[in-house]
Amino acid sequence: MNQLGKLYGLGVGPGDPELLTLKAHRILTTVPVIAYPSLENGKVLARSIVADFIRPDQIEIPMPLPFSVERSSQPHYDIAAEKIAEHLNLGRDVAVLCVGDPMLYGTFMYIFNRLCDRFSIEVVPGISSVMASAAMLGVPITYRNDVFSIMPGTLEAEILRDRLSGVEAAAIIKLGRHFSKVRDILDELGLLEQALYIERATLPNQQIIPITEIDPVAVPYWALILIPSRTKPK
């Protein structure tokens, strides 16, 4: 009976290949099989970040996902998990690439949940877009006893307004078409002047734009708003 392969969840960071950890690089360059999310239009961000490290002899498993509010991604994760399981059952180790950190809003979590009872899994943390954005913006996120909150812009307006009320420091991710809603709530709560906008952090096409000058139609999914702490340490 073949020994089962090991499943790795590799955080590949926010976009700059040099932010890949040494451990993730070692595993990426030695496993026989790699898998990664792909959009239906063919765009593959996770793979593009580490493209220079992938060998021609490695087996690749694209995982097409709709990334649409109208269509559930869950059936697609079912299919991807079984494709990965086929290789694991044959004794092949598989590394699933995940933008940012696998366990922080990462796509790998859905593969993990489907296969964790069947196979040995190791998760390799990655630098999240939130931490990378703070570095690119050049602002400390929190000081001392400040509470830092991360919330998706996809939340309903009433819930988002409630979560942001009285917030000490926050990051609002997954902006895209939700930008106008988020901006209006920040303005209503008096947080707009404090808010900082960045898109595609650490990538060559990164942009930092004053939040009042942004065209809502042009805001990508890979954008976030950072509200750094107003604490001023002595």
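The model is predicted: local features need pLDDT of at least 70, side-chain atom pairs count only at pLDDT 80 or more, and totals for chains, interfaces and linings use all residues. Residues are numbered from 1 along each chain as its sequence is written, and side-chain values use heavy atoms, with hydrogens and water left out. Helices (H or I, at least four residues) and strands (E, at least two) are DSSP runs, numbered from the N terminus.

**Helix pair α3 and α4**

- Two packed helices are described by the angle between their axes and the distance between the axes.
- Helix α3 spans residues 74-89 and helix α4 spans residues 108-115; their axes come within 9 Å and cross at roughly 60°.
- That angle makes α3 oblique to α4.
- Angles under 35 degrees count as roughly parallel, over 145 as roughly antiparallel, 65 to 115 as roughly perpendicular and the rest as oblique.
- Axes are lines fitted to C-alpha atoms, for helices over the stretch in contact, and angles run from 0 to 180 degrees between N-to-C directions.
- The α3 and α4 crossing is right-handed; in a right-handed crossing the near helix is turned clockwise from the far one by less than a right angle.
- On the α3 side, Gln74, Tyr77, Asp78, Ala80, Ala81, Ile84, Ala85 and Leu88 take part, and they meet Tyr110, Ile111, Arg114 and Leu115 of α4.
- This contact of α3 with α4 has nine nonpolar, one polar and two charged residues.
- Ala, Val, Leu, Ile, Met, Phe, Trp, Tyr, Cys and Pro count as nonpolar, Asp, Glu, Lys and Arg as charged, and the others, Gly among them, as polar.

**Helix pair α6 and α7**

- The axes of α6 and α7 come within 10 Å and cross at roughly 40°.
- These two helices are therefore oblique to each other.
- Their crossing is right-handed.
- Ala157, Leu160, Arg161 and Leu164 of α6 make the contact with Lys181, Val182, Ile185, Leu186 and Glu188 of α7.
- By class, the contact of α6 with α7 has six nonpolar, no polar and three charged residues.

**Nonpolar cores**

- A nonpolar core is a set of buried (under 20% relative accessible area) Ala, Val, Leu, Ile, Met, Phe, Trp, Tyr and Cys residues joined through side-chain atoms within 4.5 Å.
- The largest core has 22 residues, of which Leu164, Leu186 and Ile225 touch the most other members.
- At least two residues of this core come from each of α6 (157-164), β7 (169-173), α7 (179-188) and β10 (223-227).
- α7 gives the largest share, four residues.
- Beyond its neighbours within four places in sequence, Leu186 is in contact (heavy atoms within 4.5 Å) with Leu164, Ile172, Leu191, Leu192, Ala195, Ile211, Ile225 and Ile227.
- A second, separate core of 19 residues includes Met63, Val94, Ile111 and Leu115.

**Single residues**

- Arg144 lies in the loop between α5 and β6 and is exposed (over 50%), with a relative accessible area of 65%.
- Arg144 has a positive phi of about 45° although it is not a glycine.
- Most residues other than glycine have a negative phi.
- Thr202, in the loop between β8 (196-199) and β9 (207-209), has a positive phi too, near 75°.
- Thr202 is buried, at 13% relative accessible area.

Note on methods
Buried means under 20% relative accessible area, exposed over 50%, partly exposed in between (1.4 Å probe, protein chains only).
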